Amino acid sequence: MSEPFVVVGGDAAGLSAASKCKREDPDREVIVYEKSDWISYAHCGMPYYVKGEVDSIGDLLSLSPSEVRERGVDLHRNHEVVDIDPDRQVVRVEADGESAEQSYGDLLIATGARAVSAPIDGTDLDDVFTMHHMHSAAALRALLTPPEEADDSIFDAGYVDLSEMTEYFERDPPETVAIVGGGYVGVEMAEAFLAWDLDTYLYQRPSRPAPPFGEAVGDELVEYLDESGVELHLDTEVETLDGDGSIERVVAEDGTVEVDLALVGIGIRPNTGLVADTGVELGDSGAITVDEYGRTAVEDIYAAGDCAEDRHAVTGEDEWVPLGLTANRAGRAIGQTVAGGLEPVGDIAGTAVLKAFDLECGRTGIVDHDRAEAAGFDPVSETITAGSRSGYYPGNAETTVTLTADRGSGKLLGGTIAGEDRAAIRIDTLASALHKETTVGELERFDLAYAPPFSPVWDPILVAAKVLNGSLTG
Ligand code: FAD
């Protein structure tokens with residue numbers, strides 16, 4: 001009997017690997033260690049839970065501990081793996097003040113990422129939150145709910161300390177919030193706070209929100225956030241969060257604003273401390289370097305999800321793009337590989353979608369010219385606006401598409417999209433094209449669907465491809 005497959009981290013990457021391995025090789029012992037109470041939860045749903053669009057935090061949980069165990073996985077919550085000895089192939093695990101060793105045949109590091117709040121002072125004040133843990137989502141929802149609407153059912157099936165939540169419930173809800181950082185989480189949370197009628201100030205150091213979505217989408221986001229009532233402080237650095245015990249004001253280079261709540265979303269870092277001194281290598285991003293099967297530089301140790309890099313479909317280089325599908329897909333592939341039969345984790349294209357009020361945004365591949373040039377391309381971009389449906393059909397909405405291609409080869413490098421009518425999901429057409437190394441000329445001839453309720457004869461993607469191809473060949 002081989003030594004167990006040990007998995008560190010009980011969420012997207014870790015549980016996908018554990019479940020897949022057990023399904024493919026039922027005789028293999030599979031052990032999962034998760035340092036918190038929470039397993040199999042959807043970070044991605046937290047803004048919508050805080051907003052109140054999702055009723056209970058339990059709705060964000062996919063598998064319960066008993067369902068994981070029914071799959072034959074030996075799950076240990078509140079168990080932190082604190083050390084790895086690759087020579088002896090053992091991990092050291094701490095729980096309830098006790099320490100024990102566990103041997104492994106294969107080991108998966110699926111420890112995710114953590115929110116960073118430095119270098120801003122005052123992030124340790126009360127009522128300053130980051131949005132990288134279910135506990136924060138529960139606390140924020142309780143704090144935002146008026147005392148007369150307090151209802152414990154919003155914590156159903158969650159691992160929440162109800163006495164702590166009661167304290168939040170009993171307080172007067174905040175009226176003003178500063179969001180520090182206008183990445184996609186900051187944008188999603190602005191919508192959540194406005195739904196609770198908070199005066200919402202969003203501070204962003206760059207000149208547009210969500211920089212990976214490019215300039216055209218960024219400009220639309222500025223317009224939408226502004227029209228929706230978010231007070232934008234763009235090109236503005238926050239210096240300090242200030243208060244006596246709890247947050248009272250945000251001090252930024254453009255002045256001071258009194259607030260009674262703050263959300264800091266200025267970035268995340270991969271959780272890789274566990275692999276220090278093991279021989280597992282890190283890439284430039286600080287995330288773990290893996291090969292196409294998720295194998296690290298150390299034999300029998302794998303890494304997947306937000307703690308690992310992956311190969312980019314456009315550049316062929318290792319990049320860190322921490323997203324949900326990437327974690328689930330890599331975990332599943334590693335589970336298969338460990339069970340027997342090499343399964344590639346798949347390339348990434350950085351495909352992402354974002355909703356800001358009624359605006360849907362999407363991005364894939366490389367849209368930033370500096371980055372494209374650094375990867376050896378000669379980038380050319382075009383931005384077009386076209387209808388989402390036939391002009392006469394109700395619901396038709398303007399859709400803005402930007403495509404970027406390499407001048408020499410005509411190869412599509414990336415694209416972005418924004419619009420109110422099913423714009424985001426159209427990005428998948430571009431993502432599919434990127435994975436097949438399509439040229440803009442080939443994209444222009446894609447056979448996309450047309451019927452008035454769904455698309456004009458010339459889908460906005462085809463219009464953009466036609467215009468960009470004209471620039472490349474004209
Ligand atoms: P995690 O989900 O972070 O899980 C890692 C687990 O490892 C944690 O439970 C942690 O407690 C545990 N752990 C860490 N160290 C140890 C240790 N030493 N011992 C034991 N256990 C340990 N992605 C999208 O694609 N689309 C979205 O819309 C989207 N929205 C998001 C919104 C928010 C607010 C956030 C925070 C993230 C969002 N993401 C989104 C990203 C997505 O949630 C992550 O990519 C995904 O959760 C990564 O899964 P993971 O398993 O790698 O890491």
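**A walk through one predicted model**

Let me start with Ala118, which sits in the loop between strand S8 (113–115) and strand S9 (128–129); helices and strands here are DSSP runs numbered from the N terminus, a helix (H or I) having at least four residues and a strand (E) at least two. What we are looking at is a predicted model, in which local features need a pLDDT of at least 70 and side-chain atom pairs count only at pLDDT 80 or more, while totals for chains, interfaces and linings use all residues. Residues are numbered from 1 along each chain as its sequence is written, and side-chain values use heavy atoms, with hydrogens and water left out.

Is Ala118 buried or exposed? At 58% relative accessibility Ala118 counts as exposed, where exposed means over 50% relative accessible area, buried means under 20%, and partly exposed lies in between, with a 1.4 Å probe and protein chains only. Ala118 and Val264 are 146 residues apart in sequence, and yet from C-alpha to C-alpha they are 9.8 Å apart in space.

Now to the aromatic rings. The rule is that rings of Phe, Tyr and Trp (for Trp, its six-membered ring) pair if their centres lie within 6.5 Å, and that planes under 30 degrees apart count as stacked, those over 60 as edge-to-face, and the rest as tilted. Counted in this way, there are 3 aromatic pairs. One of them joins Trp38 and Tyr159 edge-to-face, with 5.2 Å from centre to centre and 80° between the planes. Trp38 is in the loop between strand S2 (30–33) and helix H2 (46–51), whereas Tyr159 is in the loop between helix H4 (134–144) and helix H5 (162–170), so this pair ties together parts that are 121 residues apart in sequence. Trp38 is buried, at 4% relative accessible area, while Tyr159 is partly exposed, at 22%.

Another pair is that of Phe155 and Phe169, whose ring centres are 5.7 Å apart and whose planes meet at 45°, so the pair is tilted. Phe155 belongs to the loop between H4 and H5 and Phe169 to helix H5, 14 residues apart, and the pair links distant parts of the chain. Phe155 and Phe169 are both buried.

Rings can also have a charge over them, which here requires NZ of Lys or CZ of Arg within 6 Å of the ring centre and within 35 degrees of the ring normal. Arg77 lies over the face of Tyr159, at 4.7 Å from the ring centre, and Lys466 lies over the face of Trp458, at 3.7 Å.

Let us turn to the ligand. How many residues surround the ligand? There are 28, and the closest are Asp11, Glu34, Tyr41, Asp306 and Gly324, where a residue counts if one of its heavy atoms lies within 4 Å. By class, this shell has 15 nonpolar, 8 polar and 5 charged residues; Ala, Val, Leu, Ile, Met, Phe, Trp, Tyr, Cys and Pro count as nonpolar, Asp, Glu, Lys and Arg as charged, and the others, Gly among them, as polar. A backbone N or O atom of Ala13 lies 2.9 Å from an oxygen atom of the ligand, one of Val81 lies 2.9 Å from a ligand nitrogen atom, and one of Gly324 lies 2.8 Å from a ligand oxygen atom. Taken alone, the ligand exposes 1,000 Å², of which the protein buries 89%, with areas from the Shrake-Rupley method and a 1.4 Å probe. Helix H1 (12–24), strand S4 (80–85), helix H6 (184–195) and helix H8 (324–339) are the elements that give two or more residues to the shell.

My last topic is the backbone. Most residues other than glycine have a negative phi. Ala210, however, has a positive phi of about 45° although it is not a glycine; Ala210 is in the loop between strand S11 (199–204) and helix H7 (214–228) and is buried, at 1% relative accessible area. Glu437, also not a glycine, has a positive phi of about 50°, and Glu437 lies in the loop between helix H10 (427–435) and helix H11 (440–444), where it counts as exposed at 52% relative accessibility.

Terms used:
Polar contact = N/O pair within 3.5 Å; in protein donor to acceptor, adjacent residues only side chain to side chain.
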